[in-house]
Amino acid sequence: MEANGVGSLLLASFSVMWLVQSSAASSVLPVSIYTVTSRSITAQWSKYPGAHSFRVTATPVSGIGELGFVLFSGSTVIGTVISLTANTYYDVKVECLDNAGTVLSEGNVKHLSAPEVPVADKVYSKISNGITAEWAAVPGALQYELRAEANHTLYTETNVTESPGTVMGLYPATPYAVTIRSINVGGKSQPSRPMKATTVPAASVISSYSPSSDTIVANWDIIPAAVGYSVTIMRADGEGVKMKYNTTGTNFTFTGLEPDVLYTIVIHAVDATGIPGDDFTSNQETLALPPSGIQITPTTGEPQVTVSWNQTDDSLNYTVVASSPNSVLACTSSGISCTLSPLLCGTEYTISVSASNTAGPSLASNSVQLLTVPCAPGGINIVEIQPGNLSITWSPTVLTDYYIVFVKTDDGLELQCNSSLTECYFPSDCGFTYFINVFAYNKAGQSPAGDVLNYTTAPCCPNDITPIYVSGDTIEIIWSPVRGAELYETNADDGINVVHCNDTSTVCTLSALNCDSRYSISVYSYSEIRGVNNSCNPQYVLTAPCSPEIVNITKITSSMFTVYWENNNADANYTVYARAEGEVWSCDSSGTSCDLSSLPCGSMFSVSVVAKSTAGDSLPSYSEPLETAPCCPSDLTVTQITPSVTNVSWSPSHGAQTYVTMLESSKGQAKCHTLQTHCPLGCITCGTNYTVSVEAISESGLSTECLYQGYSSSACCPSGVKLYRLSNNDIMVYWRASGGSSNYIADLYGSKGNFTCSPTLGVGYCDIAGISCGDVYTVVVSPLDTDGSKVTFCPRKMYSVTCSGSSVGMVIYRGKRSVQ
């Protein structure tokens, strides 16, 4: 019985289970096919309770073929029926029997037996990894399994559909035993009788090269089973003669070949039986001939040259090599020229060209020498030996004949210097930037441009420094811009302290200086590159005098004052200023005092002193206040209101706040203190001469006494005024003079008319004619002032003048009327 898991799975895929249950059986017994050969079928079933034995029967379905019958014990679950007919369908039935032979359960399955065993005619090897077998076809076989086994351990299987068939994947020069099996849907047959064959030697791998244009050298590996090697060479295009050589070595040199031609090389090993092994074919091209006609064309301004040559074959590639002690450059081309770049400066190159094909590069052409331009000089050093002179030095470069230094200023001027040495000298000016480039030269030309260095000289010094006086401790310095300066530094040095001022503009204000001092003023120019040019010459400047200090102001008169101050300057004149209400009064002095005169009254002055010298004016001293007494009123008027009351008025006084007015006589005085510009004065005596004065008083208490022309009070009003009727139409006015000699005028006012009379000097009555009796009259008698004006405040009396009675007599008094 043969157990083959792979075969059983293949057979199972084509089997059909056919379960037949007898009427006596109580259940169906599961049955399957385990494996199949050409003469046997192995079935498999399950255990069954109470089984005593199992009977397996194989019956040809078609009725043609051998019948098989086998009986197994009750513990068996797998059994084989043998002596069957190949390639025949069988009905395989398994019956479970008890000890009485009664069928307890049964099952069956139909399956095809394997084909007949093939008979190998011959086996042989033509390739190192395979053996070919030939056999007669087997009826019913769908495919065949070839098996090659070496040393009873290594084997390889291959399925084919017909003869001949080749087993692949074998080892070269190795003996194998080869068997064949036929296969149908039922399974595999038993293997055929083994036949032995040995695989041929493996191919020897060729490596070849062409050392010259007419030679190819071939090398190959040793094949252990080989006793010799057969090598053949021919042109790959089939032209020419095929040449064959036998050798026992592992290399061969083919000579007398054509240049730049592709050859095909075939080699195989031969074993001891004379059978050739695998072929190995290789193509190898002979080297091309070296190029000729080499020419070199430099490229202007670039570190490169173009190399050209005569082309011999369009299929070739060319390699140009430029070698020097320090470097090797190469370029390739399929044309007739190639560019070498970048060439090293200051180098002498040897240039050659080789042609390349698949065999490699040819021998180099005849070499050509190339000299490159010098390298750009380095190590450039610029030194300003002294202002106005530049020294330029640099490091020497190889293969250089001479140098040229180009110097260009930032305003466009260009200078140059030729030298076979490594230094040059140039004149320079302040505030310029110089751009410097050094070139080296030889027969090949000018070196590439090196680093362009720049050197900036120190900025120029300002030479038109102008100090402008601002104050005793401040001076403004101005100057014109200078070339190269980005910033200016101004210093003021008095020998003790230094005052600094930095600014980008050309003006600088120096503050916090000492007054009345001599300073050394220096303006230095600055640039970020060169720093400060501190070689600029100073200028000496004297600051303005110090501010005086007022120590006292003394009043000389109401309009003159003497101002005293402290002299704190070495050499200065002084001016005193008094300012009030937009006006200025001044006086000058070279000492320590000065008289201010003609100061107006009633003013508040701010007094200061300024020291002056050729350097300028000092700041004014601190101001001191000065007040003059108020002015006298320009106009004064005295008006008598009543016999005992007089009103005094005056114009406003400049500087006065209050006033005291006084009328004074031998009989006494009247006085009034007021904020106003008028004041009534009582207790005045009529007909009296008075002295009139007004005292103007300022807010601070300063006063001015102002006397005016004397004032005489009005004449005294008469007393005892009476009327006497002389007739019905005439009346006499009578009065009694109050003293003094005055003219009088009498006024009579009635409803039917007004009347006036004035007697001669010294007479105390006067007559008035043409009045109407029977009327009431108001009578007032007024003295006349010296100017002829009538005193208006005398009392009035009323009289009733009747027409009855005597024609002469006193009229009836009706009473007084107030003064109007």
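These are my notebook entries on a predicted protein model.

**Entry: overall build**

I started with the secondary structure and found one helix and 71 strands in the protein. I then checked the box that the C-alpha atoms fill, taken along the principal axes, and noted roughly 220 × 110 × 50 Å.

How much of the protein is buried? I wrote down 43% of the 820 residues.

**Entry: charges**

I looked up the charged side chains and found 35 positive and 66 negative ones. The centres of these two sets lie 19 Å apart.

**Entry: one hairpin**

I picked strands β48 (residues 549-557) and β49 (residues 560-566), which run antiparallel and are joined by seven bridges. The hairpin that joins β48 to β49 passes through two residues. Which residue stands opposite isoleucine 553? I found valine 563 there, in β49. A reminder to myself: side chains in a regular strand alternate between the two faces of the sheet.

Serine 32 sits in strand β3 (residues 31-36). I noted a relative accessibility of 29% for serine 32, so this residue counts as partly exposed. I also looked up how far serine 32 is from cysteine 717, which is 685 residues away along the chain, and their C-alpha atoms are separated by 184 Å.

Serine 714 was my other pick, and I found this residue in the loop between β62 (703-712) and β63 (719-725). Is serine 714 buried or exposed? The relative accessibility of serine 714 is 9%, and since buried means under 20%, serine 714 counts as buried. I listed the contacts of serine 714, leaving aside neighbours within four places in sequence: Gln640, Cys686, Gly687, Asp785, Val791 and Phe793. Leucine 784 is 70 residues from serine 714 along the chain, yet I read a C-alpha separation of 8.6 Å for this pair.

**Entry: cis peptide bonds**

Before looking at backbone angles I jotted down the background: most peptide bonds are trans, and most residues other than glycine have a negative phi. Then I turned to the bond from serine 163 to proline 164, which is cis, with omega near -5°. Proline 164 belongs to the loop between β13 (154-160) and β14 (165-168). I also checked the bond from serine 341 to proline 342, and that one is cis with omega near -5°. I located proline 342 in the loop between β28 (337-340) and β29 (348-357).

**Entry: positive phi**

What is phi at alanine 173? I found a value near 55°, which is positive in a residue other than glycine. Alanine 173 lies in the loop between β14 and β15 (175-183). With a relative accessible area of 33%, alanine 173 is partly exposed.

Serine 598 isn't a glycine either, but I noted a positive phi of about 60° for this residue. I found serine 598 in the loop between β52 (593-596) and β53 (604-613).

Terms used
Residues numbered from 1 in each chain as written. Predicted model: local features only at pLDDT ≥ 70, side-chain atom pairs only at ≥ 80, totals over all residues. Heavy atoms only, no water. Helix = DSSP H or I, 4+ residues; strand = E, 2+ residues; numbered from the N terminus. Buried < 20%, exposed > 50% of the residue type's maximum accessible area, 1.4 Å probe, protein only. Lys, Arg positive; Asp, Glu negative; His and termini not counted. Charge placed at Lys NZ, Arg CZ, Asp CG, Glu CD. Pairing = 2+ DSSP bridges. Contact = heavy atoms within 4.5 Å.
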